[in-house]
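User: Hi! I have a structure open and would like to talk through its packing and side-chain pairs. Could you walk me through it?
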Amino acid sequence: KINQDFIIRLEPFNDQIRKQNKTPKTQVLALDIVIPPIQAAQALGLGPNDKAIFLSRQRFADDCPLVVVQTYLPYSRCAFVMDHDFTAESLYNILENENPAYKIRYVKRVMEAAKVSSANAKLLEIKTGDPVLFFTSTGYTQDDIPLEYSMAYYRADCNKFEITVMA
């Protein structure tokens, strides 16, 4: 299984995969301007008619699909991301390079077990209803501004997450 530091460290996916001597790859499934679902809008502090950027990616290690990530960003602040290539660039690096105040300083994550949908099962190359580790994440700037809301579906059969708890 791929040991993911995703839940304890803010580090680009590609860096995490390379540290394990595997080759990362990202396929962009969608990059659109949308009215976000209620949960994403609330997490980002958006009003009912505010637009968001929707970025959907499929991420791999050595051509094995590990995760499908669906990300929402407030369009009013992040329109510039539409001009970037997410097959080669890190979202967090793009945000910080555009505006140092947009650096993601901390993330609140919730993890739960779930059954994969048919659409995500196809992308992850598993069966509909198979278990996945489902994360919702909200990324905040130094000024406590929510700038990113993501839903990530990790294959349970080839990912593990390690947490160190300190007293």
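Predicted model: local features only at pLDDT ≥ 70, side-chain atom pairs only at ≥ 80, totals over all residues.

User: Great. Which residues of helix α4 are buried?
Analyst: Leu 91, Ile 94 and Leu 95 are the buried residues of α4, which covers residues 91–98. Buried means under 20% relative accessible area, exposed over 50%, and partly exposed in between (1.4 Å probe, protein chains only). Helices (H or I, at least four residues) and strands (E, at least two) are DSSP runs, numbered from the N terminus.

User: Where do the buried residues fall, seen down the axis of α4?
Analyst: They fall within an arc of 95°, so they line one face of the helix. That arc is taken from the directions from the helix axis to the C-beta atoms. Their cover includes β3, β4, α3 and β7.

User: Switching topic: how many residues does the largest nonpolar core have?
Analyst: It has 18, and Tyr 72 and Leu 124 have the most contacts inside it. At least two residues of this core come from each of α2, β3, β4, α5, β6 and β7. A nonpolar core is a set of buried Ala, Val, Leu, Ile, Met, Phe, Trp, Tyr and Cys residues joined through side-chain atoms within 4.5 Å. There is also a second, separate core of 14 residues, which includes Cys 78, Ile 94, Tyr 102 and Val 107.

User: What is Leu 124 in contact with, leaving aside neighbours within four places in sequence?
Analyst: Its contacts (heavy atoms within 4.5 Å) include Pro 65, Leu 66, Val 67, Val 116, Val 132 and Tyr 153.

User: And how many aromatic pairs are there?
Analyst: The whole structure has five. Rings of Phe, Tyr and Trp (its six-membered ring) pair if their centres lie within 6.5 Å; planes under 30 degrees apart count as stacked, over 60 as edge-to-face and the rest as tilted. Phe 80 and Tyr 102 are stacked, at 6.2 Å centre to centre with 15° between the planes. Phe 80 is in the loop between α3 and α4 and Tyr 102 in the loop between α4 and β5, so the pair ties together parts that are 22 residues apart in sequence.

User: Now charges: which residue does Lys 25 form a salt bridge with?
Analyst: Asp 63, with the closest N and O atoms 3.6 Å apart. Lys 25 lies in β2 and Asp 63 in the loop between β3 and β4, so this pair ties together parts that are 38 residues apart in sequence. A salt bridge is a side-chain nitrogen of Lys or Arg within 4 Å of a carboxyl oxygen of Asp or Glu. Lys 25 also lies over the face of Phe 60, 4.6 Å from the ring centre; the cut-offs there are NZ of Lys or CZ of Arg within 6 Å of the ring centre and within 35 degrees of the ring normal.

User: What does Asp 62 pair with?
Analyst: Asp 62 forms a salt bridge with Lys 22, at 3.9 Å between the closest N and O atoms.

Notes: Residues numbered from 1 in each chain as written. Heavy atoms only, no water.
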